[in-house]
There are 4 protein chains.
Amino acid sequence: MNTFGKRFTLTTFGESHGKAIGCIVDGVPAGLKIDEEFIQAQLDRRKPGKSKLETARKEDDRVEILSGVFEGVTTGTPIAMVIYNTNQKSKDYSNIKDMFRPGHADFTYFHKYGIRDYRGGGRSSARETAARVAGGAIAQLMLKELGVEISSGVLQIDDIKANKIDFEYAKTSILNALDKDVEQAQQEAVLKAKEEHDSVGGVVLTQAIGVPVGLGEPMYYKLDAILAEAMMGINAAKAVEIGDGTDVVSLKGSQNNDEITSQGFKTNHSGGMLGGISNGDRVVVKTYFKPTPSIFQEQDTIDIHNQEIKCNLKGRHDPCVAIRGAIVTEAMMALVLADMVLLNMGRKMEHLKSIYKV
Amino acid sequence: MNTFGKRFTLTTFGESHGKAIGCIVDGVPAGLKIDEEFIQAQLDRRKPGKSKLETARKEDDRVEILSGVFEGVTTGTPIAMVIYNTNQKSKDYSNIKDMFRPGHADFTYFHKYGIRDYRGGGRSSARETAARVAGGAIAQLMLKELGVEISSGVLQIDDIKANKIDFEYAKTSILNALDKDVEQAQQEAVLKAKEEHDSVGGVVLTQAIGVPVGLGEPMYYKLDAILAEAMMGINAAKAVEIGDGTDVVSLKGSQNNDEITSQGFKTNHSGGMLGGISNGDRVVVKTYFKPTPSIFQEQDTIDIHNQEIKCNLKGRHDPCVAIRGAIVTEAMMALVLADMVLLNMGRKMEHLKSIYKV
Amino acid sequence: MNTFGKRFTLTTFGESHGKAIGCIVDGVPAGLKIDEEFIQAQLDRRKPGKSKLETARKEDDRVEILSGVFEGVTTGTPIAMVIYNTNQKSKDYSNIKDMFRPGHADFTYFHKYGIRDYRGGGRSSARETAARVAGGAIAQLMLKELGVEISSGVLQIDDIKANKIDFEYAKTSILNALDKDVEQAQQEAVLKAKEEHDSVGGVVLTQAIGVPVGLGEPMYYKLDAILAEAMMGINAAKAVEIGDGTDVVSLKGSQNNDEITSQGFKTNHSGGMLGGISNGDRVVVKTYFKPTPSIFQEQDTIDIHNQEIKCNLKGRHDPCVAIRGAIVTEAMMALVLADMVLLNMGRKMEHLKSIYKV
Amino acid sequence: MNTFGKRFTLTTFGESHGKAIGCIVDGVPAGLKIDEEFIQAQLDRRKPGKSKLETARKEDDRVEILSGVFEGVTTGTPIAMVIYNTNQKSKDYSNIKDMFRPGHADFTYFHKYGIRDYRGGGRSSARETAARVAGGAIAQLMLKELGVEISSGVLQIDDIKANKIDFEYAKTSILNALDKDVEQAQQEAVLKAKEEHDSVGGVVLTQAIGVPVGLGEPMYYKLDAILAEAMMGINAAKAVEIGDGTDVVSLKGSQNNDEITSQGFKTNHSGGMLGGISNGDRVVVKTYFKPTPSIFQEQDTIDIHNQEIKCNLKGRHDPCVAIRGAIVTEAMMALVLADMVLLNMGRKMEHLKSIYKV
């Protein structure tokens, strides 16, 4: 239940205010060079406190590899990574001890488990996504050796949409913005919400280039279905689109079909897959994030005794989770693709004969 | 790879033009009364040829239960069901034998498996969804005994959106339309596309009421994530929304949070879940279907030898797959919820003590 | 729960006296030629009624492939097979309707599921093993293309042990006997038990030759562990040995270690694996079958109301299940090895680079 | 691949000479009191260096819980535990850097992964079993609340067999001996082997009492099959018996069947299960361990370049792995039963109605 994937798997653990969070990455082929700096760099891109657009909460997020790597190379055994929690201010949460914060998982965790781990959301905190980013970085390292590159960026904040897509620019932007020209307006939308003690939603675009044809396992492990699962499972995600997504509804078949030439597809409405299997074109996914539920306006709620009370939150929270969420979508896409790469091996008898030298 | 779910599982088999399609449903608790007429009725709702809005292809879709039911009641053993194919016109496909139809899975299956099963899409045909509907019907029977009811309907065709939601009306509509007032316009959009040898997209709304609080398994088997997987995995689906979905991007946190009273949630922007766990409110999912890729206009494509050729399709195809797709979304939602119901058992020690009478 | 394997999977269904039994084999690579005669021949080796050593019950066991094979070759989609039940004599079981037969699963199924499917054991009947043999035959076809050959035979009946191992002879023997010289004595032991309205146990030896080095996934999907699971899960199995098995207890390390030369291992005490991974030597497994629980002597038992009654069985039963069990062990070993072959692909980065041509 | 179980799961990581070993235990119900001293006590029973019968290697094996427990009680989230390695003498292994030790996994790991992690066996070292014991202890805590108690002890060393079974005595014995009267002789056999720079095998008996009727999931997750997998997967195990095990071969059905009275079964030849499902009687399993492959006599072997060399081991090794192996069998049995307890919930519709209060 805390494991993602079938062959290249990520199992995470940890609560936002426990001793540590971390993960075990299993199924990594032996012989992959592990660039620890890249893993740390991905974590640094996700970590909070880098700008006024994010929570002021500082998390150091130093990752330590405990196993599975010998002399800088994977051995084929599970790779455990741990990030110790160093900056928990549990006292921030004392006033919400028995309260269900609107828009948060407090209510459902309590009813499911009968336990109220009030420390900053406990397991349901987005802090868990640091473990995804660490695991996803290993998937990215593997994919890079196969020529697959994954990128992400913020497409939209509130109603302000990017008009162009520049993944290179996004890497330099504190907002992970894809369009330099609207970035300023998007920043202002975030800051305005923050000033109003409110929060705002956003859309992230994630893509992979260099994906081999044939990834995705019909009927119930299709590439699009598992990407949808991966993205929708990220905290605060509420919608996922593949390729042209919701726009296809207003298209005719003659407009939406990607015609084929001997050089490849003329268009990529499909987002790089047909029948749930990659077609070699760019894999394109959009993820819609709701506005952060932690806001600093008074809200109606109840406590664990079903008594109505007022919710007045303190603490430090991102006014827009989509910004840091972008890095998490990269990790999730990498985990999906790495898994599909392994699952796809052996789909043809000729693969078996080649590997087993018959 | 052809199995959906973890505890309540559906495994399907069969190609559109093979001998039979069918499924094994495993994990069904013993002691569930099986209403075979309900299963057949669901299949009849899905089967093609009921109106001019659908393909003229007739499929009888008689389902036969081979195992797992004794004296009308489940025994706890796997339930196998088979539907023999009776109306395959393989000759319709002879002209596309070596051709990749734009928008279809022909290209990707061929490259993945090295095989061209040209008979009507083979495994990738939406005919496979009949097996989902049969399996989903058993899930629905189980859920009904727990007070959970699932409904679906067509929300939008092309640009024509429903203004009201009436699931009861949808059951009587040949379009599965949710809004009687726009149904006529939606039908005309379908027929216009058909006349133009083209096709059109649509949006399906699916809901469950009576869902107990606590369904969904964090971190990687969340209710929203698995619903997204389930719906995106349906043929032609390109986007999935939970609750308010894409609309949340333009909302502030103060607008989007569902405040809580002692009587329940004031609103249901969330679509019935928080942190990926059901909160007792209506579960609401929207699925966006692309226009049917099979159109009767000439298209550019290539054959298996990478030669450019013209694609001119014959045969009988739905001009809008969203209509019949609605029934499939019900089946998928039922399969997800049935699985979650079983997985959730044993999340508290008190459940164990109750069942094992300690 | 009715699925065996992770990548090459067998899912079975059916009760001994239901409409049909059968299976879905999933994960079979595309491009494998399917020799239907071989599948049927394996079923014929397992089917009862071939000699006086077996139950007089005749089962025709005609297998029909419903999907996954096109023009004689696998397509990579699930292969469904069905065997219709044709010779059920349900009346034979009317006298045991409410009774728990000693040594049978009647008691435990009833308490687990709350249902008494008294028709010949229902799902717990060894009839289910026909589906294993059908699925195993497909695994054997795949393994043969990789140079792996699986054989089995009866090593021991009661106290009468084989002194030599001749798998070729076993194929011609109605007892599947490995040693022609003790076969007569073994047959007499079976017939004597039968005459005394009793039954007798036996030991089956199963081997695979040509197994590539490297099969088996540590830590929890080791080759030896999964072979043990596979064999112990066969009806009536009570012990499983790998290589020298129980005999190793009385050996010193210096006797039991298989020393290594540049030509290979000097001995094969290990049964072809080290650390749960195949070492290229013969894979050797022994399975111990208890005497058939269905005997024709009066026994004490209870009924479903916990009333003590006498059990007097009628019907037709094998006096020694080990004989036909041998064929089932072949199927199970083939399923394990086929699964391990697929799982092992991608354990090295160089495999990935080779398949994806980087 | 490094995960054991389906609902109550153990995922382990770590190499004998890496930074740490550890595990994630997932699926533990919320509300279980965690007695950390019990977990440590089980680890202390397993740890080496407690007597001259064991390796002189000292391992402190202090376990630290990183997540999943809040205020002494499980929260339903994954429980991560880590044991830092503190006493690795890597230099002990420098002389075997390129050598395959006979009887060890060196050969197979190298060929599978293309990597030679020579540090004390790396992942294949029995040190990994400390993580199993930690995870198994949590399973034991859960089972205790349901009235299930697991015990183990050494039945046989070399040819010296216990004549009586006293699990209470075993807890006090440095050999984990079940029979006080033969313990001295068994100790001498171990010490004699040690003096001769050799090693010796042994048999462990493991039992569970208080097991509820109905555990085990046919057809492919039977209790006996999974216990066999669990035990055979322990380092150095070569045979597993359920109940009377190999002895049943020489019994007649009339001798082996456990007759039933209204008070229960008259005998327990079956080892507490029928048809792979627990029958409420004692669950009894025997595991046969080979003599430790690390011996201090010269042996023939090869290196990674296929050159023949002499193997002369140094270091510190148990002369008989069965002794400490006993504790590992307890852990594995607990993990199996805890998993089966969770899986069995929901096998009847009445369970669902009870939990969901319909």
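**Strand across the C/D boundary**

I began at Val240(C), and its bridge partner in E11(D) is Val240(D). Strand E11 (residues 237-242) of chain C and strand E11 (residues 237-242) of chain D run antiparallel, joined by 3 bridges. My strands (E, at least two residues) and helices (H or I, at least four) are DSSP runs, numbered from the N terminus; two strands pair if DSSP finds at least two bridges between them.

Ground rules, noted once. This is a predicted model, where local features need pLDDT of at least 70 and side-chain atom pairs count only at pLDDT 80 or more, while totals for chains, interfaces and linings use all residues. Residues are numbered from 1 along each chain as its sequence is written, chains are lettered from A and ligands numbered from 1 in the order in which they are written, and side-chain values use heavy atoms, with hydrogens and water left out.

**Chain D against chain C**

I looked up the contacts (heavy atoms within 4.5 Å): 102 residues of chain D touch 103 residues of chain C. Buried area here is the accessible area (1.4 Å probe) that two parts lose on being put together, summed over both. For chain D and chain C I get about 8100 Å², with 58% from carbon and sulfur atoms. Met1(D), Lys112(D) and Tyr220(D) supply 12% of what chain D buries against chain C, more than any other three residues.

Next, salt bridges (a side-chain nitrogen of Lys or Arg within 4 Å of a carboxyl oxygen of Asp or Glu). There are 6 between chain D and chain C. One of them links Asp158(C) to Lys252(D), with the closest N and O atoms 3.0 Å apart.

**Chain A against chain D**

Here 37 residues of chain A are in contact with 37 residues of chain D. The buried area is about 3000 Å², of which carbon and sulfur atoms give 63%. I find 2 salt bridges between chain A and chain D, including Glu64(A) with Lys19(D) at 3.3 Å between the closest N and O atoms. E2(A) gives the most to the side of chain A that touches chain D, with 4 residues.

**Sheet in chain D**

I traced an open sheet of 5 strands in chain D, antiparallel, in the order E1-E2-E3-E7-E4. Its edges are strand E1 (3-4) and strand E4 (63-65), each pairing on one side only. E4(D) is joined to strand E7 (residues 79-84) by 3 bridges, and Ile65(D) has Met81(D) as its bridge partner there.
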